[in-house]
Amino acid sequence: MTWLQGFNLVFPVVMITAPLVFVLLFRPRLRASTDVRTVHDPAAVAKVRRLTVALWVATLLALTAFLSAQWFLTSPSPQPSPAVWMWTLFFPLWFLLATPLLNLKYPSFSSPFASGDDGRPSAVRTASLKPRDDELPSRRTWLLPWGIWLAALAVSTITLLRRDDN
């Protein structure tokens, strides 16, 4: 086994398990009055438990998907297995499960721009009152990056299709 093959086995597992490990090991420095809500609020405790179980289940399903893809999609060719791209499951695990769980467990950890516990906006302003029509990029500005992206996608697809024909 080469180092690249080992990396292709280890990296997806590390990335898939990272949100769960971070949530389980993260302990911020708590201030006296900020994080009492999760201890005494039964609804918050129940939601923390539900999100924690969901994160565990989703992580195990992602690992199962990676191992299944590794098992069924690996070929004897020297090219890396398509299963290596399963590391991208990190993003839904992090943004859909781990981040809301951290914000619920530690309210002081959430963004200062978020609304307060009572639903009212916080004291920090989040929007500017001046018009920004001239500052924002126009739709024409996005034509160049999208064109480059589509050209790269077309070249990649054609290259892969030609490689399979030989």
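The areas come from the Shrake-Rupley method with a 1.4 Å probe, and for residues only the protein chains shown count as cover.

**Ground rules**

I am working with a predicted model, where local features need pLDDT of at least 70 and side-chain atom pairs count only at pLDDT 80 or more, while totals for chains, interfaces and linings use all residues. Residues are numbered from 1 along each chain as its sequence is written, and side-chain values use heavy atoms, with hydrogens and water left out.

**The whole chain**

I noted five helices and zero strands in the protein chain, so the order from the N terminus reads α-α-α-α-α, with helices (H or I, at least four residues) and strands (E, at least two) taken as DSSP runs and numbered from the N terminus. Of the 166 residues, 20% count as buried; buried means under 20% relative accessible area, exposed means over 50%, and partly exposed lies in between (1.4 Å probe, protein chains only). The chain exposes about 12900 Å², and carbon and sulfur atoms supply 68% of that area. I also checked contacts, meaning heavy atoms within 4.5 Å. Among those with a separation of 6 or more, 72% are between residues 24 or more positions apart.

**Back to the patch**

Helix 1 (3-25) and helix 3 (42-73) each supply at least two of the patch residues. Helix 3 gives the most, with five. I picked out V21, which is found in helix 1; V21 is partly exposed, at a relative accessible area of 42%.

Two packed helices are described by the angle between their axes and the distance between the axes. My axes are lines fitted to C-alpha atoms, for helices over the stretch in contact, and angles run from 0 to 180 degrees between N-to-C directions. Under 35 degrees counts as roughly parallel, over 145 as roughly antiparallel, 65 to 115 as roughly perpendicular, and the rest as oblique.

The axes of helix 1 and helix 3 come within 10 Å and cross at roughly 175 degrees. The two helices are therefore roughly antiparallel to each other. Among the residues that meet here are L9, P12, V13 and L20 in helix 1, and L55, T59, L63 and Q70 in helix 3.

**Helix 1 against helix 4**

Helix 1 and helix 4 (residues 90-105) pack at about 5 degrees, with their axes 9 Å apart. That makes helix 1 and helix 4 roughly parallel to each other. From helix 1, I listed M15, I16, A18, P19, F22 and V23, which meet F90, L93, W94, A98, L101, L102 and K105 in helix 4.

Is N8 buried or exposed? N8, in helix 1, is buried, with a relative accessible area of 15%. Not counting residues up to four places away in sequence, N8 touches F66, P80 and V84.

Q5 is also found in helix 1, and at 42% relative accessibility Q5 counts as partly exposed. Q5 and S81 are 76 residues apart in sequence, yet 9.0 Å apart in space, C-alpha to C-alpha.

A58 lies in helix 3 and is partly exposed at 21% relative accessibility. Leaving aside neighbours within four places in sequence, A58 is in contact with L93 and L97.
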